[in-house]
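Here is a short briefing on one protein structure. Keep the model open and find each residue as you read.

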Amino acid sequence: GKAFDQAVLLGTNAPDDWPDDLVTGATSASHTITLGTGADLYDDIMSEGGVISKVEEDGFGVTGHVAALTMRAKLRGLRDDNGVPIFNRTVQAASMYELDGAPVEFPRNGSMDAATALMFTGDWTQLVYAMRQDITYKVLTEAVIQDGSGTIVYNLAQQDMVALRAVMRLGWQLPNPINRVNTSSSTRYPFSVLVPAG
């Protein structure tokens, strides 16, 4: 899960024939907002020119957000003019994180890199993926594992080790369909990204 999420979101170890990751696609479409661009975090997310509006300006509706765990504290810290937290309805219950009615998910599988992207906002119905082959596996006890130069890293039999080889075939695509709001495929993109400052 972590490997697939990082390949789709950040392009980490993505195959060459896969589409551009969401950070690259959003950057190409000028759909990145740097934290601190607006008056505050609320402005960076919710206002005109914020991450939500970037998606809406291209004719898509935001259906959800995926954010780094560090964003929980940033969102909890948002307060109104009276100093009342925006997201805490009660101190006894867990906070329900939603932005403009769309849920915020905080992956705990280590796939988010807060140094690259703090939050992905978009129309998640536009991102499609398929599993062409479920995971198959084989337990290896008498094999060697080599690095890219051919040097033996592990000799399972000599080192009394066991390895698990897992294979899975999957892929994803972002159709980015034409719509009446933005007919240009070079600037139309159903996702935007909140990136850290600096």
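Glu56 is partly exposed, because its relative accessible area is 40%, and that value lies between the 20% limit for buried and the 50% limit for exposed. The model shown here is predicted.

**Surface charge**
- Glu56 is found in helix α4, which covers residues 51-56.
- Glu56 also belongs to a patch of negative charge on the surface.
- The patch gathers Glu48, Glu56, Glu57 and Asp100.

**The open sheet**
- An open sheet is formed by 6 strands.
- Their order is β1-β10-β5-β2-β4-β3, and the pairing is mixed.
- β1 (32-34) and β3 (98-99) stand at the edges. Each has a single partner strand, so one side of each lacks a neighbour in the sheet.
- β1 runs parallel to strand β10 (residues 191-195), and 3 bridges join the two.

- Strand β2 spans residues 64-67.
- In a regular strand, side chains alternate between the two faces of the sheet.
- In β2, Gly64 and Val66 point one way, while His65 and Ala67 point the other way. All four of these residues are buried.
- β2 and strand β5 (residues 119-122) run antiparallel, joined by 4 bridges.
- Val66 stands opposite Phe120 in β5.
- β2 and strand β4 (residues 102-105) run parallel, joined by 2 bridges.
- His65 stands opposite Val104 in β4.

**The loop between β4 and β5**
- Gly110 is found in this loop, between β4 and β5.
- Is Gly110 buried, partly exposed or exposed? Gly110 is partly exposed, because its relative accessible area is 40%.
- Gly110 and Thr27 are 83 residues apart in sequence. In space, they are 22 Å apart, C-alpha to C-alpha.

**A hairpin**
- Strand β7 (residues 144-146) and strand β8 (residues 152-155) pair in the antiparallel sense. Their pairing runs over 3 bridges.
- Which residue in β8 is the bridge partner of Gln146? The partner is Ile152.
- β7 and β8 form a hairpin, with 5 residues between them.
- Look for Gly150 in the turn: Gly150 has a positive phi of about 95°.

Conventions. Residues numbered from 1 in each chain as written. Predicted model: local features only at pLDDT ≥ 70, side-chain atom pairs only at ≥ 80, totals over all residues. Heavy atoms only, no water. Patch = residues over 30% accessible without salt bridge, like charges linked within 9 Å, V, L, I, M, F, W, Y side chains within 5 Å. Areas by Shrake-Rupley, 256 points an atom, 1.4 Å probe, with all protein chains shown as cover. Salt bridge = Lys/Arg side-chain N within 4 Å of Asp/Glu carboxyl O. Lys, Arg positive; Asp, Glu negative; His and termini not counted. Charge placed at Lys NZ, Arg CZ, Asp CG, Glu CD. Buried < 20%, exposed > 50% of the residue type's maximum accessible area, 1.4 Å probe, protein only. Pairing = 2+ DSSP bridges.
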